[in-house]
Structure formats: structure tokens, C-alpha cells
Amino acid sequence: MRYAIIGTGAIGGFYGGRLCRAGYEVNFLLHTDYEYVKQNGLQIDSCDGSFHIDNVRAYSSTEEMPEVDVVLVCLKSTREHLLAKLLPPIVKNNPLVVLIQNGIGLEADLQQQFPTLPIAAGLAFICSGKVGPGHIDHQCYGSINIGNYSCKDQQTIDALLTDFRNAGIETNSVEYYQARWKKAVWNMPFNGMTVALDTTTDRLLKNPSTRALIRAQMMEVVAASRALGVSGVDEAFVENMLTVTDAMTPYKPSMKLDFDNHRQMEIDYLYTRGIKEAREAGCPMPRLEMLEQQLRFLEERNL
């Protein structure tokens, strides 16, 4: 299938680069890096083997991009409002749109804007960062789960899974709501706590006090998912996430990198939306509500 990448950063650059290296047509939308990538290509430094993509199909506007079968949206959720303008030129024939983004409620909001659009969620489990123009540093992991939100054509989902696997990416098909809330089990504690305490994931888990707090926050997400009728998000998954994170290299999540670089943080979709849905279901998350409030204070002072 033919692909468009909206947001060629740490995530879009990595997955798009892998697909491109495997021989698929991948069209990259770039902003500040457009001229550089057009001339120099994409460099992906990876724990699984580094590679360079020459002659990148780079575009500075979606109006110039060709028709595709799949659009991978890899923008930060703080830029979600841009999709109202970016998507119309490339979704006239209703391609599958996969939101490889963090948070709760992204697909529902996009569906309201584009009622007929087939949408899926992409839940990436990866440590990756953009370290320079057209330069991606993939540190560890890299698998992705695909949760079908509204695509009625299973063949398209199956073809997407096949393409990703052919590109050497561990890819699984998962139930949508379970996948979003499972990702929140990791995202809600670690993203905000690394900002609030100015630290990294490994230090949070090595200290007994913060490890206990991280686990308690994770269990709040488990309780919220149950209140919302989501199955399969349980204490065993929490323990697995702690074990996986213990094995990770010292890591600054995306929210910490945004804060350090004085960028807006993804508070709305990572915290506010999920907290609101949980509260409406009769399951408040007091520790994560406090963390959300701390993050809003820090952001106001930081921008």
C-alpha cells in the first residue's frame, strides 16, 4: 500500500523510514526540516541497525501530496487542531487514517470532523527521539499495536499489519479501547512524573517511594478502565509494565522532552480527557488529577 506520514519526527520518521526501506511508497510531510530532508534524506540511528533513506518523497504541504491508501498521523496531540486543514487534500477517497498519538479520545474527536473516514489507533511501544534535522535516534523497543476504531474493511487493516511486519516492525491487532487504556497505564504516570520531578524513568523506579507512587497511579488507570467497561487492563499488566520499564535504558518520555524544550505539553489528551471520562463513570483518579494540576502550573511557568 501507499503511505503518507503526517509529522516526520521521532515516530513518523522511524516507522515511515522502516516502511520506505522495505520498498513501500512513503510520502513524508515536513515543516522545518523540509529543505534539509529534500536535499540530505533521512537518517535513522537504531538499536536494531542504523540506516539512511536517500531521495525522500518529501512535501511541505498536503495539497501537493499524492493519493495514498493509508495516512499515518504522528503529530503531537497539541497540534491536533491542524488536522482540519491538513487532512482534506489527502482523504478525498477515504484512506485509512491511523493516529499514532498519545492519549484518550483522539479518534472520537477526529471522527466528529470527518464522519465517513476509516480510523484506527496506532499504539507505539518505542523509545525514540528526534535529535536533529532529518535525524532520528531509536534507542529501544519499536513494536506497535493497531486498534480498529471505525474501519469497516478488514482487508485494509490486514494489509497494514502485513506491510508493517514486512518492514521488520512487530505489529499486533488489538481491541481498540483496551489498547488505548493499556497505553495510558504507562503514559499517565511516567510522562507527567518525569516532568514534575525533573528525572528519568529509571530513577523513578529505583526509588522505593516513587516506585510505589507510580504503581498506585497505574492502578488508578486500571480502575478507571474497569469503570468504563474496558476489559483486559489489570494488575498483571501493571506488573508487566513495571518490569518492561525496569529493563529500559534511562529514558525521558516525550512530555519531558517537550517541557525541557519549552514546548506545550500533551496534557489535554494524556490527562484531562481520560480523567474526565473516569470521573463521569464514577471513578475519580486523585493522584493523577493532582499530577495534571501540577503539570498545568509547570507549563504556565515554562512557556
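**Exercise 1. State which residues join helix 6 to helix 11, and describe the geometry of the pair.**

Solution. The model is predicted.

Step 1. On the side of helix 6, the contact residues are Trp-181, Asn-187, Met-188, Pro-189, Asn-191 and Gly-192; they meet Leu-270, Tyr-271, Gly-274, Ile-275 and Glu-277 of helix 11.

Step 2. Helix 6 spans residues 176-196 and helix 11 spans residues 267-280; their axes lie 10 Å apart at an angle of about 125°. Helix 6 is therefore oblique to helix 11.

Step 3. The crossing of helix 6 with helix 11 is left-handed.

**Exercise 2. Determine which residues touch the most other members of the largest nonpolar core, and which elements supply this core.**

Solution. 

Step 1. The largest nonpolar core has 39 residues, and those touching the most other members are Val-185, Met-218 and Tyr-271.

Step 2. Two or more residues are contributed by each of helix 6, helix 7 (201-206), helix 8 (208-227), helix 9 (235-247), helix 10 (254-260), helix 11 and helix 12 (286-302).

Step 3. Helix 6 gives the largest share, eight residues.

Step 4. Leaving aside residues up to four places away in sequence, Val-185 touches Met-218, Val-221, Val-222, Val-233, Phe-237, Val-238 and Met-241.

Step 5. There is also a second, separate core of 36 residues, with Leu-42, Leu-72, Ile-100 and Ala-120 among them.

**Exercise 3. Classify the orientation of helix 8 relative to helix 12 as parallel, antiparallel, perpendicular or oblique, and list the contact residues.**

Solution. 

Step 1. The two axes cross at roughly 110° and come within 8 Å. Because angles of 65 to 115 degrees count as roughly perpendicular, helix 8 is roughly perpendicular to helix 12.

Step 2. Leu-213, Ala-216, Gln-217, Glu-220 and Val-221 of helix 8 meet Pro-286, Arg-287, Leu-288 and Leu-291 of helix 12.

Step 3. These contact residues divide into six nonpolar, one polar and two charged.

How values were computed
Residues are numbered from 1 along each chain as its sequence is written. This is a predicted model: local features need pLDDT of at least 70, side-chain atom pairs count only at pLDDT 80 or more; totals for chains, interfaces and linings use all residues. Side-chain values use heavy atoms; hydrogens and water are left out. Axes are lines fitted to C-alpha atoms, for helices over the stretch in contact, and angles run from 0 to 180 degrees between N-to-C directions. Helices (H or I, at least four residues) and strands (E, at least two) are DSSP runs, numbered from the N terminus. Angles under 35 degrees count as roughly parallel, over 145 as roughly antiparallel, 65 to 115 as roughly perpendicular and the rest as oblique. A crossing is left-handed if the near helix is turned anticlockwise from the far one by less than a right angle, and right-handed if clockwise. Contact means heavy atoms within 4.5 Å. A nonpolar core is a set of buried Ala, Val, Leu, Ile, Met, Phe, Trp, Tyr and Cys residues joined through side-chain atoms within 4.5 Å. Buried means under 20% relative accessible area, exposed over 50%, partly exposed in between (1.4 Å probe, protein chains only). Ala, Val, Leu, Ile, Met, Phe, Trp, Tyr, Cys and Pro count as nonpolar, Asp, Glu, Lys and Arg as charged, and the others, Gly among them, as polar.
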